[in-house]
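Trainee: I would like to learn how to read a pocket, a ring pair and a strand pairing. Please take me through them one at a time.

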Amino acid sequence: MMDNFTLGSPDGERAGDGGPAEAARPSGKVPSVEAQFREELFAAGVPEHLHDWLGTYGIGALVVKMGIRFLEMSPERTVATMPVEGNTQVAGILHGGAHVVLAETLGSFAAGMHAGPGRQALGIEVGATHHRAIASGTVTGTCTAIHLGRTLTTHEIVMTDEQGRRLSTARLTNLIRDIGA
């Protein structure tokens, strides 16, 4: 079984944890948190203009574990892919929760970009309908804004297979608030 844990580390260990990936570094130095996250951002396909925003937080351990890779990022439309392998349930098909993780990731990043500096997006409602199973390959999630308001955003996220067939449809609503509020 494949684990999509850490980019560039076949044993699933994060940089800086003292494991083999760290020991193999020529300098033996542990990179700063920002440097670790910047590597993570590049590997996940996050555009460079968003690195300052995400440089101190990264993309999140679950996003890394799931193998999500961004193709397009804006408040109005965010697109990413996720492998089926490593994200399946016992019957060998993509786990329903994996669909929702991809959906919430896309909708939350889009809402966060809309929120802007000094504000944050907090998911308050998510729902999904599963239309078709998938047992191998790659899933593409396309997140489209339905409403971009001052305090609420709503996005529809459609997951499709490599042939463009709809696998699931989700809707996510985020509350926008000032950081520390």
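**Pocket, rings and strands**

Mentor: The largest pocket holds about 510 Å³ of space. That volume is the space filled by probe spheres set on grid points, which are joined across faces, edges and corners. This is a predicted model, in which local features need pLDDT of at least 70 and side-chain atom pairs count only at pLDDT 80 or more, while totals for chains, interfaces and linings use all residues. Residues are numbered from 1 along each chain as its sequence is written, and side-chain values use heavy atoms, with hydrogens and water left out.

Trainee: What lines the largest pocket?

Mentor: A pocket is an open set of points on a 1 Å grid over the protein atoms alone, where a 1.4 Å probe fits, with protein on both sides within 12 Å along at least five of seven lines; lining residues have an atom within 4 Å of a point. Here the lining has 23 residues, and Trp53, Leu54, Tyr57, Phe109 and Ala121 lie nearest the centre. Two or more lining residues come from each of α3, α4 (61–66), α5 and β3 (119–130). Helices (H or I, at least four residues) and strands (E, at least two) are DSSP runs, numbered from the N terminus. Helix α5 gives the largest share, six residues.

Trainee: How many of the lining residues are nonpolar, polar and charged?

Mentor: The lining divides into 13 nonpolar, eight polar and two charged residues. Nonpolar covers Ala, Val, Leu, Ile, Met, Phe, Trp, Tyr, Cys and Pro; charged covers Asp, Glu, Lys and Arg; the others, Gly among them, are polar.

Trainee: How many aromatic pairs are there?

Mentor: Rings of Phe, Tyr and Trp (its six-membered ring) pair if their centres lie within 6.5 Å; planes under 30 degrees apart are stacked, over 60 edge-to-face, and the rest tilted. The count is two aromatic pairs. Trp53 and Phe109 have ring centres 6.3 Å apart and planes at 85 degrees, so this pair is edge-to-face. It links helix α3 (residues 51–54) to helix α5 (residues 96–115), across 56 residues. Ring pairs link Trp53, Phe70 and Phe109 into a cluster.

Trainee: Is Phe109 buried or exposed?

Mentor: Buried means under 20% relative accessible area, exposed over 50%, partly exposed in between (1.4 Å probe, protein chains only). Phe109 is buried at 11%, whereas Trp53 is partly exposed at 32%.

Trainee: Which strands pair with β2?

Mentor: Two strands pair if DSSP finds at least two bridges between them. Strand β1 (residues 69–73) pairs with β2 in the antiparallel sense over four bridges, and Met73 stands opposite Thr78 in β2. Strand β4 (residues 138–148) is joined to β2 by seven bridges, also antiparallel.
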